[in-house]
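This report describes a single protein chain.

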Amino acid sequence: MIKLRSKRLFRSRSKLSTGGATHGDGGAAIKGCKVNGGEIKWELRPGGMLVQKRDYKVSDNEVMITIKVSTVSQWHDISVQATSTFGELKIILSILTNLEPKEQRLLFKGKEREDNEYLHMVGVRDKDKVLMLEDPAIKERKLVGLSGRQVIGSPYRTITV
């Protein structure tokens, strides 16, 4: 016969809060180690997870990041909100490069990114580099269209008698 023992999944808050002060948010703050001269502060979430305490100095809606966008021959420094999408970044680049957003391809960390992907969700941070390329299919259509216009004339001719 097998005996089953119940395991404690969470520690008691009274044991964790003895080392640090408790805060009004219900979590316990635990003092941690020092890194680069600054002390890491930890907090205990209501679910029992121990995480590094966040700084709420600036609200998330106002965080602006600067992205270096490289085209084939130019660099552009663009400041956008961290919660912007790649589609919004393409609209800003269309003003600078005279390429429509559908003609652009944005690459970050070696992968092409879709218009609906958010910068902060993909991992774009301040002073990161994004590569912008012109879509080769559209570039080819433009070249074929330009050469086709020169060769093909109007099918109608006016005849004067």
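## Basis of the description

The model is predicted: local features need pLDDT of at least 70, side-chain atom pairs count only at pLDDT 80 or more, and totals for chains, interfaces and linings use all residues. Residues are numbered from 1 along each chain as its sequence is written, and side-chain values use heavy atoms, with hydrogens and water left out.

## Overall architecture

The chain contains four helices and eight strands. Helices (H or I, at least four residues) and strands (E, at least two) are DSSP runs, numbered from the N terminus. Their order along the sequence is α-β-β-β-β-β-α-β-β-α-β-α.

Of the 161 residues of the chain, 25% are buried; buried denotes under 20% relative accessible area, exposed over 50%, and partly exposed the range in between (1.4 Å probe, protein chains only). The accessible surface amounts to about 13200 Å², with 53% belonging to carbon and sulfur atoms. Accessible areas come from the Shrake-Rupley method with a 1.4 Å probe, and for residues only the protein chains shown count as cover. Among contacts with a separation of 6 or more, 44% join residues 24 or more positions apart, a contact being heavy atoms within 4.5 Å.

## The nonpolar core

The largest nonpolar core has 17 residues, of which Ile-67, Phe-86 and Leu-89 touch the most other members. Strand E4 (64-70), strand E5 (75-81), H2, strand E6 (104-108), H3 and strand E8 (129-134) each contribute at least two residues to this core. Such a core is a set of buried Ala, Val, Leu, Ile, Met, Phe, Trp, Tyr and Cys residues joined through side-chain atoms within 4.5 Å.

Leaving aside neighbours within four places in sequence, Ile-67 is in contact with His-76, Asp-77, Ile-78, Val-80, Leu-89, Leu-119, Val-124, Asp-128 and Val-130.

## Salt bridges

Side chains of opposite charge can pair when their charged atoms come close. Four salt bridges are found in the whole structure, the criterion being a side-chain nitrogen of Lys or Arg within 4 Å of a carboxyl oxygen of Asp or Glu. One of them joins Asp-115 and Lys-90, with an N to O distance of 2.9 Å. Asp-115 lies in the loop between strand E7 (111-112) and helix H3 (119-122), and Lys-90 in helix H2 (residues 86-97), so the pair ties together parts that are 25 residues apart in sequence. Asp-115 is partly exposed at 38% relative accessible area, whereas Lys-90 is buried at 6%.

Arg-105 and Glu-112 form another of these pairs, their closest N and O atoms being 3.0 Å apart. Arg-105 is partly exposed at 27%, and Glu-112 is also partly exposed, at 37%. In the bridge between Arg-113 and Glu-117, the closest N and O atoms are 3.8 Å apart. Here Arg-113 is buried at 13%, while Glu-117 is partly exposed at 24%.

## Positive phi angles in loops

Asn-98, although not a glycine, has a positive phi of about 60°. Asn-98 belongs to the loop between H2 and E6 and is exposed, with a relative accessible area of 68%.

Lys-127 likewise is not a glycine and has a positive phi, of about 65°. At 60% relative accessibility, Lys-127 is exposed.
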